[in-house]
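Here are my notes on this one, jotted down as numbered points. Have the model open while you read.

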Amino acid sequence: MVRPAMRRSTSVIAMLFLSACTGVQSPLAPAGDQASALHMLLIVMTVVCGLVYLLVMGGLVWAVMRARSRRQKDEGRAETRVDRALHVAAGIIVVGLTILITVSFFADRALFATRGKDAMAVRVTGHQWWWRIEYRDPASGRWIETANELHLPLGRTTRVELASGDVIHSFWVPNVSGKIDMIPGRRNLLDLTPRRTGWFRGACTEFCGAQHAHMAFDVKVEAPADFDLWLKTQAAPAASGAPATGRGAQLFATKCAACHRIRGTSATGRAGPDLTHVAARRSIAAGTLPMTRGALQGWIAQPQALKPGTSMPAVPLPPADADALATYLARLR
């Protein structure tokens, strides 16, 4: 009975250690050029530091073992052996540091290699606690706005211009690239060159207030043709499947238009996220809730209960009106 229990314990411990080695938010499963460079640097650093650690511990054990018989040895010969060992250890440490510096140099070059090349322009602004994301339309040159969901074309470089609308945030998509801070009054640049399609997860990694843990965003890497189609759809006004004259549209115009924008309607608010194609997103409230009509209705009615401290105010409505408003938003694809 003891052995099966030990095997189960070993399996659980192994799973705990390996749980961060893969998934949609793991730097150990790189899916982009920049993340691959950082992953290689991590491997080299781990190996070099591990070897230095073993060297130091081996030297310590050797020193303890030799101390027992030192009285029986010639002091001059002992000192010679110690000097020789110190020289070898120093040489290994110098070689290790040289390897780390060299690999770090090439990793930095890989991170910034695309700065001189043509890249798609994207602006990301962090707010408490959501993300404003804007794409430069290659056809018209104007900016196309969305929120909390970043789409990237496979194999192309996207240059992300990062800013903050309030406090310090930090932008990180572990599978695709390293992280960089978003500082009020300053714009930082980060290049993303994804090499694997799929959904990934990004997050704010600088504590920015009570709902810092609920400031995530979805990242979709897709084929260039699919990305171009998505961007063309995002550039269009609100979907025709959401009648602009219905009860839901009227409620939105009177209750929500001061803070939110829906292109193609009179709603031009900028305080909150652009909702032109909100139903096409994977989640709402920066990853807090899945994109469903029920979640939309709950978020409209009780945002403070779902995300305390959010700037989204509660919109008290009779059940029929709340349903009509949520149904209208759920058709904006």
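1. Surface first. The accessible surface of the protein comes to about 18100 Å², and carbon and sulfur atoms account for 63% of that. Keep in mind throughout that this is a predicted model.

2. On the overall build: I count eight helices and twelve strands in the protein. Of its 333 residues, 39% are buried. If you take the contacts between residues at least 6 apart in sequence, 63% of them join residues at least 24 apart.

3. Have a look at the nonpolar patch on the surface. M40, I43, V47, L51, Y53, L54, V56, M57, L60 and V64 make it up, and together they have about 950 Å² of accessible area. One of them, V47, sits in helix α2, which runs over residues 33-69. V47 counts as partly exposed because its relative accessibility is 46%, between the 20% and 50% cut-offs.

4. T158 has a relative accessible area of 0%, so it is buried. Beyond its neighbours within four places in sequence, T158 is in contact with M120, V122, L152, P153, L190, D191 and L192.

5. R281 deserves a careful check. It belongs to the loop between α5 (247-255) and β11 (283-284). R281 is buried and yet has no salt bridge; D274 is the nearest side chain of opposite charge, at 4.6 Å, whereas a salt bridge needs the atoms within 4 Å. What the side chain of R281 does have is a polar contact of 3.3 Å with the side chain of T146. Leaving out residues up to four places away in sequence, R281 touches T146, A147, E149, D274, L275 and M291.

6. Now some backbone geometry. Most residues other than glycine have a negative phi, and most peptide bonds are trans. Against that background, the peptide bond from Q128 to W129 is cis, with omega near -5 degrees. W129 is in the loop between β1 (120-127) and β2 (130-136).

7. A285 has a positive phi, near 60 degrees, and A286 has one of about 55 degrees, although it is not a glycine. A285 lies in the loop between β11 and β12 (289-290), and A286 is likewise placed in the loop between β11 and β12. Are they buried or exposed? A285 is buried, because its relative accessible area is 13%; A286 counts as buried too, at 1% relative accessibility.

Definitions and conventions. Residues numbered from 1 in each chain as written. Predicted model: local features only at pLDDT ≥ 70, side-chain atom pairs only at ≥ 80, totals over all residues. Heavy atoms only, no water. Helix = DSSP H or I, 4+ residues; strand = E, 2+ residues; numbered from the N terminus. Buried < 20%, exposed > 50% of the residue type's maximum accessible area, 1.4 Å probe, protein only. Contact = heavy atoms within 4.5 Å. Areas by Shrake-Rupley, 256 points an atom, 1.4 Å probe, with all protein chains shown as cover. Patch = residues over 30% accessible without salt bridge, like charges linked within 9 Å, V, L, I, M, F, W, Y side chains within 5 Å. Lys, Arg positive; Asp, Glu negative; His and termini not counted. Polar contact = N/O pair within 3.5 Å; in protein donor to acceptor, adjacent residues only side chain to side chain.
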